[in-house]
Amino acid sequence: NYNRKENLFLARKKLMVLFPGICYGSEKETEPFLFTNPAMFLNQVATFQTEMELETVRYHLKEIEKVSGRKPEDKQQEKVILDIDILIYDTTVLKEQDMTRDYIIEGIKEL
């Protein structure tokens, strides 16, 4: 909900370096969930293959968030600069609740 287009572009650019075969679904604008701030979010689902361990992938994603300017206290201020989540790793669903969200279901179908 903060510099949405720019930060999503930054994330895609950095992810393509880490995961050259990455594929992206369409960008989806969504309303805030559990926030009182009315600023819309921009979401995108991606898929890639890697030999990296889960914790290594997590580390790289958190580094991309930091480069975008994300700070730990931002969420308390309802400011989401960039949030990159791993939904599924290998065959394990890591974010089961997120898997029920329409934009994620649509993004997975698209890919």
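## Basis of the report

Local features of the predicted model are given where pLDDT is at least 70 and side-chain atom pairs where it is 80 or more, while totals for chains, interfaces and linings use all residues. Residues are numbered from 1 along each chain as its sequence is written, and side-chain values rest on heavy atoms, with hydrogens and water left out.

## Overall architecture

The protein chain contains three helices and six strands, where helices (H or I, at least four residues) and strands (E, at least two) are DSSP runs numbered from the N terminus. Followed along the sequence, these elements give the pattern α-β-β-β-β-α-β-β-α.

A compact globule of 111 residues would have a radius of gyration near 13 Å, and the 14 Å of the protein chain agrees with this; the radius is taken over C-alpha atoms, and the globule rule is 2.2 Å times the number of residues to the power 0.38. Along the principal axes, the C-alpha atoms fill a box of roughly 40 × 30 × 20 Å.

## Surface, contacts and charge

Of the 111 residues, 30% count as buried, a term that means under 20% relative accessible area, with exposed meaning over 50% and partly exposed in between (1.4 Å probe, protein chains only). The chain exposes about 7600 Å², of which carbon and sulfur atoms supply 51%; such areas come from the Shrake-Rupley method with a 1.4 Å probe, and for residues only the protein chains shown count as cover.

Among contacts (heavy atoms within 4.5 Å) between residues at least 6 apart in sequence, 53% join residues at least 24 apart. The chain carries 16 positive and 20 negative side chains, and the centres of the two sets lie 5 Å apart; Lys and Arg count as positive and Asp and Glu as negative, without His or the chain ends, and each charge is placed at NZ of Lys, CZ of Arg, CG of Asp or CD of Glu.

## A stacked aromatic pair

Two aromatic pairs are found in a search of the whole structure. One of them joins Phe-19 and Phe-48, whose ring centres are 3.8 Å apart and whose planes stand at 20°, so the pair is stacked. Rings of Phe, Tyr and Trp (its six-membered ring) pair if their centres lie within 6.5 Å, and planes under 30 degrees apart count as stacked, over 60 as edge-to-face and the rest as tilted.

Phe-19 lies in the loop between helix 1 (4-18) and strand 1 (23-24), and Phe-48 in the loop between strand 4 (46-47) and helix 2 (54-67), so the pair ties together parts 29 residues apart in sequence. Phe-19 is buried at 2% relative accessibility, whereas Phe-48, at 29%, is partly exposed.

## Residues of helix 2

Lys-62 is partly exposed, with a relative accessible area of 38%, and its C-alpha atom is 22 Å from that of Lys-28, which is 34 residues away in sequence.

His-60, also placed in helix 2, is partly exposed at 24% relative accessibility. Leaving aside residues up to four places away in sequence, His-60 touches Leu-18 and Met-52, and 9.5 Å separates its C-alpha atom from that of Lys-14, 46 residues apart along the chain.

## Positive phi in two loops

Glu-78, in the loop between helix 2 and strand 5 (88-89), has a positive phi near 55° although it is a residue other than glycine, and at 18% relative accessibility it counts as buried. Asp-90, in the loop between strand 5 and strand 6 (92-93), is likewise not a glycine and has a positive phi of about 60°, but Asp-90 is exposed, with a relative accessible area of 71%.
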